Amino acid sequence: MRTAFVIKQIDIAEPLGIMYLSSLLKAEAHDVKLFSASKKNWLSQLRDYRPNIVAYSVISGSHNDYLRINNLIRNDMETFSVFGGPHLTFFPETINQRNIDAICIGEGEQAMVELAASLERGSDISNIRNLWVKDNGSINKNPVRPLIQNLDDLPFPDRELLYGQDKYLRENKMKRFLTNRGCPFNCTYCFNRAYKEIYKGNKIIRWRSVENLIEEISKVKRRYPLELVRFIDDIFILPPVSWLEKFTSLYKREIGLPFVCNLQVKIVTQDKIRLLKEAGCAAVYMAIEAGNDWTRNNLLDRKMTKKEIIRSFNLVHKYNIPVAAENILGLPGGSFDTDMETVELNIKCKVDNPVSTVFQPYPKTKLGEYALKEGYFSGDFDSLGESYFGKSELRFSSKDERRRIENLQKFFGLAVNYPSLLPFIKIITKLPPNKIFNLIHRIWDSYCKRKKIFRVKISLKDYLLGIQRVLRY
Ligand code: B12
Ligand code: SF4
């Protein structure tokens with residue numbers, strides 16, 4: 001079977017989901033190619049490939065673009081269209097759109113392999129678990145199969161699929177890896193909560209063995225440029241300390257490269273940070289999200305005190321590890337003043353790279369539904385763009401209030417890193433939003449990332465190319 005994964009554009013990050021699926025399909029002797037719909041002549045190249053299956057991996061926000069791309073393809077050729085990824089997991093009813101033959105809910109590895117094999121054999125596809133399949137005007141809604149428990153059973157992601165055609169990501173000295181799947185927390189703005197509902201009764205948190213992880217990184221290191229490892233798990237230190245101990249000794253010996261990972265305030269301990277440092281941790285991401293206690297604990301369900309947050313940041317600083325912290329501004333019922341509390345808490349935590357976004361009320365998240373129910377949001381989900389750096393779609397006490405919050409997001413990093421600028425920033429946020437504010441935000445954020453978080457030497461050309469890709473968000 002010839003399977004074409006079509007993506008809107010090749011991004012700043014490897015689409016690991018697609019790369020896992022590709023490895024499995026290739027292991028079953030299927031042919032797989034990746035097409036980027038932003039490249040010249042992509043459609044005629046796809047036509048020449050004559051795909052039996054076109055497959056899309058979709059995140060909410062870009063779903064309309066993917067529907068458009070699929071329609072374009074289907075107007076041009078006869079093929080089988082299957083959609084998967086987080087958007088379809090939470091919005092499977094997308095299958096009702098024309099030209100979609102099947103959608104996949106949740107983990108897609110086994111479902112995709114089964115689909116390709118069945119289509120090849122010409123056998124029935126209507127009962128494949130994880131898939132909703134169109135069948136003569138009706139839709140077969142199959143249940144999900146259990147989550148893959150032994151992640152070591154999976155082949156390594158097919159990097160050549162991407163690096164073979166994207167010089168920027170191939171040459172990029174930072175490459176991304178996954179060590180575990182699942183998150184034990186239930187933040188109201190995050191889709192993990194809904195994921196657990198779908199997979200009720202399953203063991204959600206799973207991790208790879210250290211040996212399996214090290215083998216993948218070693219292979220990548222031998223084959224491609226690699227100077228900085230980026231672990232993109234929701235939380236890196238989820239497995240028990242014994243896993244981290246083993247990781248530390250093997251990683252130091254076999255890989256010996258700096259790495260960046262994501263932590264969570266509640267699970268930071270002195271032992272874990274000491275081990276991370278010893279292993280070569282160069283920087284971490286650790287979210288604060290909101291400075292106001294009620295907002296953080298009741299609205300976001302983060303269940304952490306200011307004291308705990310400051311303690312975890314101090315621990316990380318104690319080991320000289322720079323920290324980037326994510327924050328959400330413009331939350332439902334919030335104000336410029338509550339967002340200033342977030343600035344203040346970031347200052348207290350001495351955050352090296354303060355990252356802030358403007359809240360987007362995604363449907364199927366508890367907080368998105370709350371914003372709708374309480375009248376903070378009109379319910380026009382199509383108004384939500386792909387980016388969370390831009391504007392807010394929520395109602396605040398006045399338009400001026402909303403504008404100040406949106407502007408604060410642009411000056412957030414500077415406000416945290418240079419608190420003496422605060423009086424000036426409070427005034428400037430009253431001005432109309434403009435491109436210069438956006439530019440200041442981008443420049444400061446990428447400066448902090450380059451200098452403090454992702455410290456790898458890159459050429460000016462690659463730096464500018466990276467910025468160009470980031471600017472799409
Ligand atoms: C890395 C990452 C990014 C990267 C790269 C995204 C990418 N293309 O992979 C960047 C920085 C670009 C990014 C951006 C955004 N992200 Co993001 N991101 C992630 C993150 C941390 C890891 C993704 C990953 O590699 N997962 C591991 C792989 C193995 O899982 P997977 O991709 O889901 O694929 C599996 C299944 O979904 C399925 N599958 C996937 N594709 C397909 C296709 C077919 C045909 C089939 C059959 C199956 C299938 O099978 C795969 C293997 O099991 C996830 C969190 C997470 N833990 O997944 C969030 C996550 C995907 N992001 C999310 C969001 C909200 C965003 C943003 C919208 C944020 C924003 N507001 O700007 C943007 C949107 C960009 C866009 N619209 O394209 C949400 C998505 C929720 C949703 N409803 O779509 C997630 C789930 C975070 C969360 N918990 O809320 N993100
Ligand atoms: S800790 Fe992170 S990944 Fe886990 S539920 Fe909260 S926001 Fe989502």
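Begin by selecting ligand 1, which 38 residues surround, the closest being G17, S57, G84, P86 and G108; a residue is near a molecule if its C-beta atom, placed from the backbone, lies within 6 Å of it. This is a predicted model, in which local features need pLDDT of at least 70 and side-chain atom pairs count only at pLDDT 80 or more, while totals for chains, interfaces and linings use all residues. Residues are numbered from 1 along each chain as its sequence is written, and chains are lettered from A and ligands numbered from 1 in the order in which they are written.

By class, the shell around ligand 1 holds 20 nonpolar, 13 polar and five charged residues. Here Ala, Val, Leu, Ile, Met, Phe, Trp, Tyr, Cys and Pro count as nonpolar, Asp, Glu, Lys and Arg as charged, and the others, Gly among them, as polar.

Next, colour domain 1 (2-141) and domain 2 (172-188 + 204-472), whose bounds come from an automatic or database domain assignment. Ligand 1 lies between the two domains because both give residues to its shell. The centres of domain 1 and domain 2, taken over C-alpha atoms, are 30 Å apart. Nine residues from domain 1 and ten residues from domain 2 form the contact, where two residues are in contact if their C-beta atoms, placed from the backbone, lie within 7 Å.

Now select helix 1, which gives the largest share of the shell around ligand 1, five residues. In helix 1, the residues I18, M19, Y20, L21, S22, L24 and L25 are buried; buried means that 20 or more other C-beta atoms, placed from the backbone, lie within 10 Å of the residue's own. These buried residues pack against strand 1 (2-7), strand 2 (31-36), strand 3, helix 5 and helix 6 (159-163). Just after helix 1, select A29, which takes a positive phi of about 70°.

Finally, move to ligand 2. Around ligand 2 are C183, F185, N186, C187, C190, N192, D234 and Q264. The shell around ligand 2 comprises four nonpolar, three polar and one charged residue.

Conventions
Helix = DSSP H or I, 4+ residues; strand = E, 2+ residues; numbered from the N terminus. Buried ≥ 20, exposed ≤ 12 C-beta atoms within 10 Å, placed from the backbone.
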